[in-house]
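Subject: Structure handover

Hello,

Here is the structure I said I would pass on, with the sequence alongside. My notes on it follow below.

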Amino acid sequence: IDDLKRSYVESGGLSELIAQGIRGVTSNPTIMANSIASTTDYDEQFRQLILDGFNVKDAYWELVIHDIIGALDLLRPLYDASQAGDGFVSLEVDPSLARDTQATIRSARFLHERISRPNLMVKIPATKEGVRAIEEMIAGGYSINVTLIFSLERYAEVVEAYIRGIERLVDQGGDPAKVASVASFFVSRVDTEVDLRLGAASRLAGRTALAQGRLAYRYFEESFSSARFQTLAAIGARPQRPLWASTSTKNPSYPDLLYVEGLIAPQTVNTLPVATMKAFIDHGRVRRAIDGGYSADQEILAALQSEGIELAEVTELLEEQGLDSFSNSFNDLLDKLEIKATQLRGQS
């Protein structure tokens, strides 16, 4: 489920979702900002933190960590039963650090050590600076959710960073079986931006995102069936699973489950907003959708090139927009919390 709020954890909502088949939880700064700003569920804890002398930013992290720990504990039985295959909860580092490798490493390490649960994945954006941080964290034995991947080229860099990190971990005597990772490939936003450039009447409209996703899956299959990785798998290393993110349909003329049903394949994860999850429970079909035959997908990307659409330019723009969106949500929430904190201090 691509959502987290305190009421899910404390009122039994998340337990119900797990019973329905949800295998994990992802969050991001926008999700957490909406959860904290739209309810009064956090007011009591926030009030106490401010009165105890916490600054607003540190208080924010305490609010978030409280929810994450609650979700991790609810999913721990699933994590144990699946032998560490599922049952993860993902928490993202401060989005303002996305262009700073060392600061990202420090933040990711802090969150892992502060929360100290084996089923935590810390999310790191797949910027060029983030890719270097990802390798360092994997080499240190930490589980990582790589987020904001928009291009096949960046996905290849992420896979290489993961495998290099596992190799380094093994060379240092670490246990690769304790490390899990997913590579979050963002889907629907690619179609939204490409379609704007193509026009709705184009025969290519609504086809780019699934084509990229399928080709990313082909790269996953090739990379993790290679002799290089099989040597690591023999001593317990796990493949870095593809995760499909941004899977709600943005264009109302497209099927509501286009980016869910169109990317079902072994060892994949799909993060679903609540509305998309309910739609899938209601009328979704579970059947393998990616099963070879990648030539049509390559033809779609080649046709885009002939139409003057530069995917590299599109994906670079989407990365910047994604980072800006998370940073703006984060900063907007901190501003609102600062106002609330000032009021609380005045009442004390």
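I will begin with Leu148, which sits in strand β4, the strand made of residues 144-149. Please keep in mind throughout that this is a predicted model. The phi angle of Leu148 is near 60°, a positive value in a residue other than glycine. Is Leu148 buried or exposed? Its relative accessibility is 2%, and the cut-off for buried is under 20%, so Leu148 counts as buried.

Gln83 belongs to the loop that runs between α5 (56-81) and β2 (88-92). Here the relative accessibility is 66%, and because exposed means over 50%, Gln83 counts as exposed.

Next, the sheet. It is open and has 7 strands, in the order β1-β2-β3-β4-β5-β6-β7, with parallel pairing. Which strands stand at its edges? They are β1 (24-26) and β7 (269-270); each has a single partner strand, so one side of each is left without a neighbour in the sheet. As background, strands of a sheet pair through backbone hydrogen bonds, in either a parallel or an antiparallel way.

Two of the pairings can be given in more detail. Strand β4 pairs with β5 in the parallel sense, over 4 bridges, and Val146 stands opposite Ala183 of β5. Strand β6 (residues 241-245) and β7 are also paired in the parallel sense, over 2 bridges. In that pair, Trp244 stands opposite Asn270 in β7.

Helix α7 (residues 128-139) lies across β3 (120-125), β4 and β5, and runs at about 155° to β3.

Then there is a helix pair. Two packed helices are described by the angle between their axes and by the distance between those axes. For helix α10 (residues 208-224) and helix α14 (residues 295-306), the angle is about 130° and the axes are 9 Å apart. The two helices are therefore oblique to each other, and their crossing is left-handed. On the α10 side the contact is made by Thr208, Ala211, Gln212, Arg214, Leu215 and Arg218, and on the α14 side by Asp297, Gln298, Ile300, Leu301 and Leu304. By type, the residues of this contact divide into 5 nonpolar, 3 polar and 3 charged.

Last, Asp41. Where is Asp41 found? It is in the loop between α3 (29-38) and α4 (43-51). With a relative accessibility of 38%, Asp41 counts as partly exposed. Leaving aside neighbours within four places in sequence, Asp41 is in contact with Arg6 and Ser7. From Asp41 to Leu196 there are 155 residues in sequence and 39 Å in space, C-alpha to C-alpha.

Regards

Definitions and conventions. Residues are numbered from 1 along each chain as its sequence is written. This is a predicted model: local features need pLDDT of at least 70, side-chain atom pairs count only at pLDDT 80 or more; totals for chains, interfaces and linings use all residues. Side-chain values use heavy atoms; hydrogens and water are left out. Axes are lines fitted to C-alpha atoms, for helices over the stretch in contact, and angles run from 0 to 180 degrees between N-to-C directions. Angles under 35 degrees count as roughly parallel, over 145 as roughly antiparallel, 65 to 115 as roughly perpendicular and the rest as oblique. A crossing is left-handed if the near helix is turned anticlockwise from the far one by less than a right angle, and right-handed if clockwise. Contact means heavy atoms within 4.5 Å. Ala, Val, Leu, Ile, Met, Phe, Trp, Tyr, Cys and Pro count as nonpolar, Asp, Glu, Lys and Arg as charged, and the others, Gly among them, as polar. Buried means under 20% relative accessible area, exposed over 50%, partly exposed in between (1.4 Å probe, protein chains only). Two strands pair if DSSP finds at least two bridges between them.
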